[in-house]
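Dear colleague,

I am handing over the structure we spoke about, and I would be glad if you could look through it with the notes below at hand.

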Protein chains: 2
Amino acid sequence: MSDITVLGEQKCFEGLQGVYSHASAACGVDMRFALFQPPQALDGEKVPVVTYLSGLTCTEENVTVKAAAQRWAAELGLLLVCPDTSPRGPEVADDEAYDVGTGAGFSVDATEPPWSRHYRMYSYVSEDLAGTVADNFPADTARQGIFGHSMGGHGALTLHLRNPEVYRSVSAFAPIAAPMQCPWGEKALTAYLGADREAWRDYDTCELVRRRPSQAKLFIDQGAADDFLETQLKPDLLAEACEAAGQHFELRLQPGYDHSYFFIQTFMEDHLRHHAGVLGA
Amino acid sequence: MSDITVLGEQKCFEGLQGVYSHASAACGVDMRFALFQPPQALDGEKVPVVTYLSGLTCTEENVTVKAAAQRWAAELGLLLVCPDTSPRGPEVADDEAYDVGTGAGFSVDATEPPWSRHYRMYSYVSEDLAGTVADNFPADTARQGIFGHSMGGHGALTLHLRNPEVYRSVSAFAPIAAPMQCPWGEKALTAYLGADREAWRDYDTCELVRRRPSQAKLFIDQGAADDFLETQLKPDLLAEACEAAGQHFELRLQPGYDHSYFFIQTFMEDHLRHHAGVLGA
């Protein structure tokens, strides 16, 4: 049984929005996460789990206060788990840039110093966090999904493709769809994994789709007015990879929407309904 | 025609969430406000206007990112106007406390120095802001409502009771229901209006209800687990005043809910449906 510390719990849509911390073996520090229990869970029912991975600079708080997800999670009976985006603390390596170090974990297990000591977000999310949630909350771990935004969309897609039997449903808002082919991805993967691009392929959605497509549908919303669309996100490269590999996907280009939580809030219902549909919630 | 400066506009639920600034004659400084135009307004239709007044320490941003109001405003076709809670700037008097000065305008026109120079939020909201919205957006000014949270709930109730023909619908989340009888109210009203309590009566919901009840229903949600319920908010005093004066009201005590935007988010749909129903949206 893994212990958690309750940092706060607040009622919301007849469910319970909490913030917790726990010791992470992977990261070697305490990590924080937000978790929403729908009313069904408070009534003792084991419910499906959907994990949301946030974008660059975020903590667990942004999605919790800005995404308007609780209403749909409450209605659909989904446990919503929202981890931080990196390890944090005085002993954790950092960089002045916003796109590597604190707030920029990129869902990878770093192998290069100084990052390799604590930046192990792939293992953190898939092992430590998942285990802690299963131990402490009424989670039906046979029914799990994953989604995320931007950097976290990249994380969700790669975690699904590497663990399709665990994360059975997957979606993304404006994901970094081809991190090996954009400045954010190249910078972070070089820092965390070293200059040998061969090591990057396990963390690139396009590469993973080519190697082993999943049976699930990759459900993706992308704002057409997103400032990062052409330089960093590149969903067209993912669409090409999916078509070539026979990966089922749905990419919706949403006219006029940008990269913000106003965009995410608008389509949150569709995403949670997608997960609930796949997971039988 | 009053000029506005666009500080930002972002698409949300097929509407447009903007942040604007404009010169306020009442406050003598530039003021910021957030405004959501539902898709019906973007299509050229004049739509009802609902103004939301925020609580202590807030700016126009809190409700805009945390209240999940846009979905319902979009569906119901309501223009949602969210002003700041006080004048701000180097020339504006302030106090180190959070409950007087910046972020604590209390919807009054101050008469006491140093506040009287700029703290004129009653006139700002009812005149300057209303005029600017009417001049610059597709607002059906014959159909207006007002609501708010905590200090802003107090503001909404008093603005309605003093202008029932303008603000035809009214509601509040956890309002300061009897400012003359709680520490927050007594401190602010003393600072802004002076020690003579007679001058306070125009800004106290209970006093206004006794003097001249309105024909509208005061629709109020209050979290039962709100830390400020008994010391500061005191909806029971308002209920007594309404019953004595024949003022129609509905006070819902919501078990387990606190004073936060998780509470507001939960009941936002009910409030906007209330306004839409009264205003015929």
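Predicted model: local features only at pLDDT ≥ 70, side-chain atom pairs only at ≥ 80, totals over all residues.

Aromatic rings

Over all chains, the count comes to 26 aromatic pairs. One of them joins A:Tyr52 and A:Phe147 edge-to-face, with 5.0 Å centre to centre and 80° between the planes. Since A:Tyr52 lies in strand β4 (residues 47–53) of chain A and A:Phe147 in strand β6 (residues 139–149) of chain A, this pair ties together parts that are 95 residues apart in sequence. Both A:Tyr52 and A:Phe147 are buried, and they belong to one aromatic cluster together with A:Phe173, A:Tyr257, A:Phe263 and A:Phe267. Elsewhere, A:Arg162 lies over the face of A:Tyr203, at 4.9 Å from the ring centre, and in chain B the residue B:Arg162 lies over the face of B:Tyr203, at 4.9 Å from the ring centre.

A:Asp204, which lies in the loop between α6 (183–193) and α7 (205–211) of chain A, is buried yet has no salt bridge, the nearest side chain of opposite charge being that of A:Arg210, 5.3 Å away. Polar atoms of the A:Asp204 side chain do, however, lie 2.9 Å from the backbone nitrogen of A:Met180 and 2.9 Å from the backbone nitrogen of A:Glu207. If neighbours within four places in sequence are left aside, A:Asp204 is in contact with A:Thr158, A:Ala178, A:Pro179 and A:Met180.

Salt bridges

The count comes to 36 salt bridges over all chains. In one of these, the side chains of A:Glu186 and A:Arg197 meet at 3.0 Å, N to O; A:Glu186 lies in helix α6 of chain A and A:Arg197 in the loop between α6 and α7 of chain A, so the pair ties together parts that are eleven residues apart in sequence. A:Glu250 forms a salt bridge with A:Lys217, with the closest N and O atoms 2.6 Å apart, and this pair links strand β9 (residues 249–254) of chain A to the loop between α7 and β8 (218–223) of chain A, 33 residues apart.

In chain B, a salt bridge joins B:Lys187 and B:Asp99, whose closest N and O atoms are 2.7 Å apart; B:Lys187 is in helix α6 (residues 183–193) of chain B and B:Asp99 in the loop between β5 (79–83) and α4 (121–136) of chain B, 88 residues apart. B:Lys187 counts as partly exposed, at 36% relative accessibility, whereas B:Asp99, at 8%, counts as buried. Finally, salt bridges that share partners join A:Arg71, A:Glu75, A:Glu269, A:Arg273, B:Arg71, B:Glu75, B:Glu269 and B:Arg273 into one network.

Terms used. Residues numbered from 1 in each chain as written. Chains lettered and ligands numbered in written order. Heavy atoms only, no water. Phe/Tyr/Trp six-rings, centres within 6.5 Å; stacked < 30°, edge-to-face > 60°. Helix = DSSP H or I, 4+ residues; strand = E, 2+ residues; numbered from the N terminus. Buried < 20%, exposed > 50% of the residue type's maximum accessible area, 1.4 Å probe, protein only. Lys NZ or Arg CZ within 6 Å of the ring centre and 35° of its normal. Lys, Arg positive; Asp, Glu negative; His and termini not counted. Salt bridge = Lys/Arg side-chain N within 4 Å of Asp/Glu carboxyl O. Polar contact = N/O pair within 3.5 Å; in protein donor to acceptor, adjacent residues only side chain to side chain. Contact = heavy atoms within 4.5 Å.
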